[in-house]
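Trainee: Could we go through this model together? I would like to begin with its pockets and then move on to other features.
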Amino acid sequence: MLTDYHNHLERGTLTLDYMKKFTDTARDKGIQHFGISEHAYHFYQTADILRNSWVDERRFYDMADYVHLFEEAWRNEIDVKMSIEMDYTPGKHKEMEQFIKSYDFDYVIGSIHWIGDFGIDLAEYRKEWDRRDVYEVYRSYFDQVVTLAQSNMFDIIGHIDLVKIFRYVPEDESFLMEQYDRATSALAQSKTCVEISTAGLRKPTQTLYPDQRLLQMCFDKKIPIVLSSDAHVPEHVGADFDQALELAQEVGYKEIMTFSKGERKSFPLG
């Protein structure tokens, strides 16, 4: 079984023709479970959850159009899961939960891109890294991983160590292992799976998400996994899955989780 649960249409259009470019690629690559998980911040209905100047300029979709697109796909017998990638926003649990429950998602991805007003993975904010204490950034980031897990609102945590994207990494390995340990301990007590994402191979970090040591902790604590490409263009669907599979198997994973309208099932990996 192969999954690709983390994909975006934002560089194209919310149309069936554009979606089919993604689903056709997934089919051709033998991916049995494929989903679109557009960024929640693009939708007018999330204006009460995440607000800042960068996000507000990119809020241009209506959820009614998004849902209609999937309904059209299903009428045409296109096998695609409907999802959303939500920026986990501390202090907005009630609003996030209300939004999630308002739609019949197959699964929901929770991700961390912001520490306050700092967009950690955005090129526009890259110089901000040089002004900040990397240890404080990592501590704050993994604080959010912990509370994301404790909220139990999400089926998958996206790119769990995205914070390494620009290669700013604490030199003190014991500090890093402490962050990994408390994150995985919280995830182990939740319903949240971890994705092995190949997106990092296309970013400055040039590595998979998560770090192998972090994924090993996930395996040791029995946290399920999915595979994702975080494709923003059709040709990246299923990209570099050979490396993702190799990492999963190296740390000991033999099963992968699948989702369908809230139902979770595990299958042999690969």
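Trainee: Which residues lie nearest the centre of the second largest pocket?

Mentor: This is a predicted model, and in it Asp 161, Lys 164, Thr 207, Leu 208 and Asp 211 lie nearest the centre of that pocket. The lining of the second largest pocket has 16 residues.

Trainee: Let us turn to cavities. How many of 30 Å³ or more are found in the whole structure?

Mentor: The search finds one.

Trainee: Which residues line the largest cavity?

Mentor: The lining consists of Ala 40, Tyr 41, Thr 46, Ile 49, Leu 50, Met 86 and Asp 87. Five of these residues are nonpolar, one is polar and one is charged.

Trainee: I would like to know more about Thr 46. Is it buried or exposed?

Mentor: Thr 46 counts as buried because its relative accessible area is 3%, and buried means under 20%. This residue is found in the loop between strand 2 (33–39) and helix 2 (53–56). A polar atom of the Thr 46 side chain lies 2.9 Å from the backbone oxygen of Phe 43.

Trainee: New topic: how many salt bridges does a search of the whole structure find?

Mentor: The search finds 20 salt bridges. Side chains of opposite charge can pair when their charged atoms come close. Asp 56 takes part in a salt bridge with Arg 51, where the closest N and O atoms are 2.9 Å apart. Asp 56 also meets Arg 59 in a salt bridge, at 2.8 Å from N to O.

Trainee: Which of the residues Asp 56, Arg 51 and Arg 59 are buried, partly exposed or exposed?

Mentor: Asp 56 is partly exposed, with a relative accessible area of 30%. Arg 51 is exposed at 54%, whereas Arg 59 is buried at 11%.

Trainee: What about the salt bridge of Lys 261: which residue does its side chain meet?

Mentor: The side chain of Lys 261 meets that of Asp 106, with 3.7 Å from N to O. This pair links distant parts of the chain, for the two residues are 155 residues apart. Lys 261 is in the loop between strand 10 (255–260) and strand 11 (263–268), and Asp 106 is in the loop between helix 4 (93–101) and strand 4 (107–111). Lys 261 is partly exposed, at 35% relative accessible area, while Asp 106 is buried, at 4%.

Trainee: Now the backbone. Where is the peptide bond that is cis?

Mentor: The bond from Tyr 209 to Pro 210 is cis, with omega near 0°. Pro 210 lies in the loop between strand 8 (193–197) and helix 7. Most residues other than glycine have a negative phi, and most peptide bonds are trans.

Trainee: What is the phi of Arg 167?

Mentor: Arg 167 has a positive phi of about 70°, although it is not a glycine. Its place is in the loop between strand 7 (156–157) and helix 6, and it is exposed, with a relative accessible area of 57%. Lys 222 has a positive phi too, near 65°. Lys 222 is in the loop between helix 7 and strand 9 (225–228) and counts as exposed at 72% relative accessibility.

Trainee: Finally, where does UniProt place the PHP domain?

Mentor: The unreviewed UniProt entry places the feature "domain: PHP" at residues 4–198. Over those residues the chain is 37% helix and 16% strand, and the end C-alpha atoms are 10 Å apart.

Key: Residues are numbered from 1 along each chain as its sequence is written. This is a predicted model: local features need pLDDT of at least 70, side-chain atom pairs count only at pLDDT 80 or more; totals for chains, interfaces and linings use all residues. Side-chain values use heavy atoms; hydrogens and water are left out. UniProt positions are given in the numbering used here, feature names are shortened, and annotations may be inferred rather than shown by experiment. Helices (H or I, at least four residues) and strands (E, at least two) are DSSP runs, numbered from the N terminus. A salt bridge is a side-chain nitrogen of Lys or Arg within 4 Å of a carboxyl oxygen of Asp or Glu. Buried means under 20% relative accessible area, exposed over 50%, partly exposed in between (1.4 Å probe, protein chains only). On a 1 Å grid over the protein atoms alone, a cavity is a set of points where a 1.4 Å probe fits but cannot get out, and a pocket is an open set with protein on both sides within 12 Å along at least five of seven lines; lining residues have an atom within 4 Å of a point. Grid points are joined across faces, edges and corners, and a volume is the space filled by probe spheres set on the points. Ala, Val, Leu, Ile, Met, Phe, Trp, Tyr, Cys and Pro count as nonpolar, Asp, Glu, Lys and Arg as charged, and the others, Gly among them, as polar. A polar contact is a pair of N or O atoms within 3.5 Å; within protein, one must be able to donate a hydrogen and the other to accept it, and residues adjacent in sequence count only if both atoms are side-chain atoms.
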